[in-house]
Amino acid sequence: MSTKMNKAQLSKGILQMKFMSRTKEKVEKEADAEKGRALYASEITDKMLHESIKYILEPSYVPCENLIEGRVSYGGMNPEIERIIAIETGIDVSKQQREEAAKEAKMATDVPDVEMAKFYSSVINTMNKKYQSKPKRLQQPLPLNIKRSK
């Protein structure tokens, strides 16, 4: 309040003149700030006014959630990008290569050779029966409980 009494105030008529518009805005801002301080004087302490900011405003949530920025590849669709990500995250590349080799070896031996040979021979027999003419099919022996029609 004492600073207000020490300052000479300009009259409203002078502040309304065109060349005094900046000064008028400045005086209005000061008046609003003074009213705000007076309104919240009981709630805001000096410590609150002079304390440093404790919070960081981040425009994106990517660093908060530890997300990966940029391109990403899943399931070996883009091995080059997967290698780059592995290098950035610090994953042991040789260990990863060994795991991939083990997966490939497992994929190669999913079906045993004997089982595949049986399946292939049954497919060939089925296809042969399909394309045989009708008289040849009838010449094959039928089970005892089925009668032959002529």
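Helices here are DSSP runs of H or I with at least four residues, and strands are runs of E with at least two.

**Entry 1: overall fold.** I'm working from a predicted model, so I kept that in mind throughout. I counted eight helices and zero strands in the protein chain. Reading along the sequence, I got α-α-α-α-α-α-α-α. I also looked up burial: of the 150 residues in the chain, 5% are buried.

**Entry 2: the salt bridge.** How many salt bridges does the structure hold? I found one. The partners are arginine 37 and glutamate 34, whose side chains meet at 2.9 Å, N to O. Both sit in helix α3, which covers residues 21-39. They are three residues apart there, about one turn of the helix. Arginine 37 comes out exposed because its relative accessible area of 52% is over the 50% cut-off. Glutamate 34 has 34%, so I logged it as partly exposed.

**Entry 3: the greasy patch.** Next I went looking for nonpolar side chains on the surface. Val111, Met116, Phe119, Val123, Met127 and Tyr131 make up a nonpolar patch there. Together they have about 610 Å² of accessible area. Where is phenylalanine 119 placed? I found it in helix α7, residues 113-131. Is phenylalanine 119 buried or exposed? Its relative accessible area is 51%, so I wrote it down as exposed.

**Entry 4: second largest pocket.** I noted a volume of about 280 Å³ for the second largest pocket. Its lining takes in 12 residues. Nearest the centre lie Pro79, Glu82, Arg83, Gln96 and Glu100.

Entry 5: Most residues other than glycine have a negative phi. I stopped at asparagine 66, where phi is near 55 degrees, a positive value in a residue that isn't glycine. Asparagine 66 lies in the loop between α4 (46-50) and α5. I looked up its exposure too: asparagine 66 has a relative accessible area of 68%, so it goes down as exposed.

Notes. Residues are numbered from 1 along each chain as its sequence is written. This is a predicted model: local features need pLDDT of at least 70, side-chain atom pairs count only at pLDDT 80 or more; totals for chains, interfaces and linings use all residues. Side-chain values use heavy atoms; hydrogens and water are left out. Patches are made of residues with over 30% relative accessible area and no salt bridge: like charges are joined within 9 Å, nonpolar side chains (Val, Leu, Ile, Met, Phe, Trp, Tyr) within 5 Å. Accessible areas come from the Shrake-Rupley method with a 1.4 Å probe; for residues, only the protein chains shown count as cover. A salt bridge is a side-chain nitrogen of Lys or Arg within 4 Å of a carboxyl oxygen of Asp or Glu. Buried means under 20% relative accessible area, exposed over 50%, partly exposed in between (1.4 Å probe, protein chains only). On a 1 Å grid over the protein atoms alone, a cavity is a set of points where a 1.4 Å probe fits but cannot get out, and a pocket is an open set with protein on both sides within 12 Å along at least five of seven lines; lining residues have an atom within 4 Å of a point. Grid points are joined across faces, edges and corners, and a volume is the space filled by probe spheres set on the points.
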